[in-house]
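Subject: Structure for your review

Dear colleague,

Please find below the structure that I am handing over to you.

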Amino acid sequence: MIYNYDYYRIFYYVAAHRSMTAAVAQLGISASTASRAVKALEDELGKPLFIRKKHGVDLTAEGETLYTQILPAMQRLIACEEQFRDGSLTPDAAIDIAVEPGLFEDILMPLCLPRFYKKYPHTRVRNLDLNGDEIENKLLTGELDFACAWIFRLLTNRCEVTPLIQIRNVPIVGEKYASLTKKEVVSLRQLSELPLILVPETYKVYVQYSRLFSANGLTMQPALTVSSVHQQIAAVKAGLGYSFVPFFSAADVPGVYPLRLKEDLSNAFMDFLITPKDRPMSAPADYLCELFRAELANAAARQEAFWAPISHPANP
């Protein structure tokens, strides 16, 4: 019985490279150490594992069988070593982020986190509810890995601020008013004949929509006031009226239909990725950030494709 499992590790690398020289270079051991380990393993198993050649080695039939059997275990061990090195398997491994609720609920949580946890199953992710000053302070003190927010002022030059997605709101209806989807565009006056579902007056978008209605000779009178985008979508789906929400929030919801508005909503705004300039992210945080970037790029492309038939530009 072999108790020195390092023999199997050395065998694995020699077999993977088909070369003793390449294996010892990767392992950082001497050629004599590797040769002794392989010889000890062959003696214990009673079978030759390699055919020595002038340049490199080949596996014998027995060596091929052994390599095939230990391959999955070795790959898992190597992956485990890499995760320990980048910190994702330590007991307190965690990523702290501050992503605004809409993007977290509609992009990061359903599209990014499942893939992230396949690679880093032991890393905790904490999405924090922070204002602009808190985001800046925690980024600079190392308490936050990255943030995604609609910022109203320039943060310190020690933060990297990168445009991510220009969010555009669209009117949406449910099955009850789905006949409106037959029109290439609908007018605000047509929509105003239906019950409006909107967020409270304290929200900035409420003021924007009120101005839009006024500019078109209409009075905005919400029939139902709710507190979140997801509540707006649920009310629309229930046939209670129409609403305005970010395109990406409603685009894939069954029974909910985005509409192209004749009038320019003039309410597009930019969300930014905010990271510290002088501190690199951990490997798990960097991976999650890249997944998030990619999904936002996909969402932006779909949004622009939806608006392509009409010429309203998105306003920064």
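I begin with a contact between two helices. Leu103, Ile107, Leu108, Leu111, Cys112, Leu113, Arg115, Phe116 and Lys119 in helix 5 meet Pro284, Tyr287, Leu288, Leu291, Phe292, Glu295, Leu296 and Ala299 in helix 11. By residue type, this contact of helix 5 with helix 11 divides into 14 nonpolar, no polar and 3 charged residues. Please bear in mind throughout that the model is predicted.

Two packed helices are described by the angle between their axes and the distance between the axes. Helix 5 covers residues 101–119 and helix 11 covers residues 283–307; their axes come within 9 Å and cross at roughly 135°. Helix 5 and helix 11 are therefore oblique to each other, and their crossing is right-handed.

A second pair of helices can be described in the same terms. Helix 1 (residues 6–17) packs with helix 2 (residues 20–27) at an angle of about 125°, and their axes are 8 Å apart. The contact is formed by Arg9, Ile10, Tyr13, Val14 and His17 from helix 1, together with Met20, Ala22, Ala23, Gln26 and Leu27 from helix 2. Of these contact residues, 7 are nonpolar, 2 polar and 1 charged. Helix 1 and helix 2 are therefore also oblique to each other, and their crossing is right-handed.

The loop between helix 1 and helix 2 contains Arg18. Most residues other than glycine have a negative phi. Arg18 has a phi near 55°, which is a positive value in a residue other than glycine. With a relative accessible area of 31%, Arg18 is partly exposed.

I turn next to the aromatic residues. How many aromatic pairs does a search of the whole structure find? The search finds 12 aromatic pairs. One of them is formed by Tyr5 and Tyr8, which are stacked, at 6.0 Å centre to centre and with 25° between the planes. Tyr5 is exposed, with a relative accessible area of 55%, whereas Tyr8 counts as buried at 19% relative accessibility.

Tyr209 and Phe244 form another pair: their ring centres are 4.5 Å apart and their planes are at 25°, so the pair is stacked. This pair links distant parts of the chain, since Tyr209 is in helix 8 (residues 204–215) and Phe244 is in strand 10 (residues 243–246), 35 residues apart. Tyr209 counts as buried at 1% relative accessibility, and Phe244 counts as buried at 2%.

There is also an aromatic cluster, formed by Phe116, Tyr117, Tyr120 and Tyr287.

Finally, I draw your attention to Ala147. Is Ala147 buried or exposed? At 0% relative accessibility, Ala147 counts as buried. Ala147 lies in strand 5, which covers residues 146–149. Leaving aside neighbours within four places in sequence, Ala147 is in contact with Ala98, Ile135, Phe272, Leu273 and Ile274. Ala147 and Glu100 are 47 residues apart along the chain, and their C-alpha atoms are separated by 8.3 Å.

Yours sincerely,

A colleague

How values were computed:
Residues are numbered from 1 along each chain as its sequence is written. This is a predicted model: local features need pLDDT of at least 70, side-chain atom pairs count only at pLDDT 80 or more; totals for chains, interfaces and linings use all residues. Side-chain values use heavy atoms; hydrogens and water are left out. Axes are lines fitted to C-alpha atoms, for helices over the stretch in contact, and angles run from 0 to 180 degrees between N-to-C directions. Helices (H or I, at least four residues) and strands (E, at least two) are DSSP runs, numbered from the N terminus. Angles under 35 degrees count as roughly parallel, over 145 as roughly antiparallel, 65 to 115 as roughly perpendicular and the rest as oblique. A crossing is left-handed if the near helix is turned anticlockwise from the far one by less than a right angle, and right-handed if clockwise. Contact means heavy atoms within 4.5 Å. Ala, Val, Leu, Ile, Met, Phe, Trp, Tyr, Cys and Pro count as nonpolar, Asp, Glu, Lys and Arg as charged, and the others, Gly among them, as polar. Rings of Phe, Tyr and Trp (its six-membered ring) pair if their centres lie within 6.5 Å; planes under 30 degrees apart count as stacked, over 60 as edge-to-face and the rest as tilted. Buried means under 20% relative accessible area, exposed over 50%, partly exposed in between (1.4 Å probe, protein chains only).
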